[in-house]
Each structure stands twice: as C-alpha cells, then as structure tokens.
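Colleague: I am new to reading protein structures, and I would like to learn how to look at the inside and the surface of one. Could you take me through an example?

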Amino acid sequence: VTPPHFPAWVDVTVINTNGTQSTLLNGFQFEQTGVVVSLPVTSGNYGASVELALDAANVVGLRAVDVTLMFDRTVLSVVDARAGSLTTGWAVSANLGTPGRIVLSLASGSSVTGSGALAVLRFNVIKAPPASAALTIESISLNDGAMTVARSDGSFTVNGFFTIGGN
C-alpha cells in the first residue's frame with residue numbers, strides 16, 4: 001500500500017531485516033486521476049532561506065483554496081507566502097502569526113485547470129543539523145469543499161556539515 005503522492009516516478013528502496021538495502025531508481029510510477037495536494041520532501045542548509053511549493057495535481061475548475069499547514073517552529077521560521085505558478089494573479093491571504101502554522105486562503109474570479117504550485121512558501125532554516133521537520137497539511141478545502149482532495153505531506157531536513165581532509 002502506497003501513501004498519497006503526486007503523479008511522479010519514484011525510487012523504490014527495499015530494506016532487509018539485517019539492515020542491508022537496495023534501491024531501484026524510478027522503480028514505481030504514481031498515477032492519480034483525482035486531485036492531489038502535496039508538500040515536498042526536501043532539504044536545505046542551516047542559516048539559509050528556502051522556498052517550498054505547495055503543489056496540486058489534476059485540478060479542474062479551481063477557484064478557491066483554504067489550507068492550514070503545520071511545521072516544526074524550532075527548525076523553520078516562515079517568512080512569507082505568495083501565489084504559485086498555478087494561481088498566478090490570484091488574491092492571497094496568509095496568516096503567518098502563529099509559529100509552526102500557516103493559514104492560507106487563495107481565490108480568483110476565474111478558474112484554473114491543470115497541475116502546478118498553488119503557493120510558494122519562504123522559510124528561514126533556524127536549527128543546526130541534525131534536524132528535520134514534518135511538513136503537514138492539517139486541513140484543506142478546494143472550491144469550498146466541492147472538490148475531493150488527497151493529501152501528501154512532506155518533510156524538511158537540515159543538511160549536515162562535512163569536512164574533507166587528507167593528503
């Protein structure tokens with residue numbers, strides 16, 4: 001059983017009970033005929049500013065989005081939010097006042113169809129490695145609940161620091 005995921009080819013990793021593992025690159029394709037809204041599984045450097053997209057796939061006639069996102073406020077600090085490639089020109093209202101939580105509303109008088117970014121979120125990475133944060137879609141409503149949506153949560157990992165030495 002696979003989790004909800006946006007349409008894509010993904011790697012498949014098999015982990016044996018003794019800890020050995022093997023990965024087949026592009027070993028499985030997610031196909032979806034319904035709407036999927038997803039956050040990325042990604043990483044970034046401590047002290048950096050990163051942009052993460054809230055993506056949607058397979059929307060038809062989308063005019064309004066209400067979404068609440070959660071993240072670890074000790075790892076990430078939200079800076080701002082803007083419309084994405086799918087919602088260019090839309091009105092955006094972003095409540096960023098509660099640490100660890102983003103409440104977004106996007107709306108337009110004209111509808112869009114297709115796949116792309118609903119919103120782009122900019123964060124500062126505020127915790128040194130090793131650190132990670134779940135990126136969770138707590139709630140979402142498309143067209144005031146008229147569209148059924150599958151959610152695919154993401155995660156963010158702070159990149160480790162490495163040194164190289166030798167002759």
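This is a predicted model: local features need pLDDT of at least 70, side-chain atom pairs count only at pLDDT 80 or more; totals for chains, interfaces and linings use all residues.

Colleague: Which residues touch the most other members of the largest nonpolar core?

Modeller: In soluble globular proteins, nonpolar side chains tend to be buried together. Here the largest nonpolar core has 37 residues, and Val37, Leu62, Leu76, Phe123 and Phe156 touch the most other members. At least two residues of this core come from each of the strands β3, β5, β6, β8, β9 and β11. If you look around Phe156 and set aside residues up to four places away in sequence, you will find that Phe156 touches, among others, Val50, Leu52, Leu76, Val125 and Leu135.

Colleague: Is leucine 24 buried or exposed?

Modeller: A residue counts as exposed when its relative accessible area is over 50%, so leucine 24, at 53%, is exposed. Leucine 24 lies in strand β2, and together with Val12, Val14 and Phe28 it forms a nonpolar patch on the surface with about 330 Å² of accessible area. The strands β1 and β2 each give two or more residues to this patch.

Colleague: Why does threonine 87 count as buried, and what does its side chain reach?

Modeller: Buried means under 20% relative accessible area, and threonine 87 counts as buried because its value is 0%. Threonine 87 lies in the loop between β6 and β7, where its side chain reaches the backbone nitrogen of glycine 84 at 3.0 Å. A polar atom of that side chain also lies 2.6 Å from the backbone oxygen of leucine 118.

Conventions:
Residues are numbered from 1 along each chain as its sequence is written. Side-chain values use heavy atoms; hydrogens and water are left out. A nonpolar core is a set of buried Ala, Val, Leu, Ile, Met, Phe, Trp, Tyr and Cys residues joined through side-chain atoms within 4.5 Å. Buried means under 20% relative accessible area, exposed over 50%, partly exposed in between (1.4 Å probe, protein chains only). Helices (H or I, at least four residues) and strands (E, at least two) are DSSP runs, numbered from the N terminus. Contact means heavy atoms within 4.5 Å. Patches are made of residues with over 30% relative accessible area and no salt bridge: like charges are joined within 9 Å, nonpolar side chains (Val, Leu, Ile, Met, Phe, Trp, Tyr) within 5 Å. Accessible areas come from the Shrake-Rupley method with a 1.4 Å probe; for residues, only the protein chains shown count as cover. A salt bridge is a side-chain nitrogen of Lys or Arg within 4 Å of a carboxyl oxygen of Asp or Glu. A polar contact is a pair of N or O atoms within 3.5 Å; within protein, one must be able to donate a hydrogen and the other to accept it, and residues adjacent in sequence count only if both atoms are side-chain atoms.
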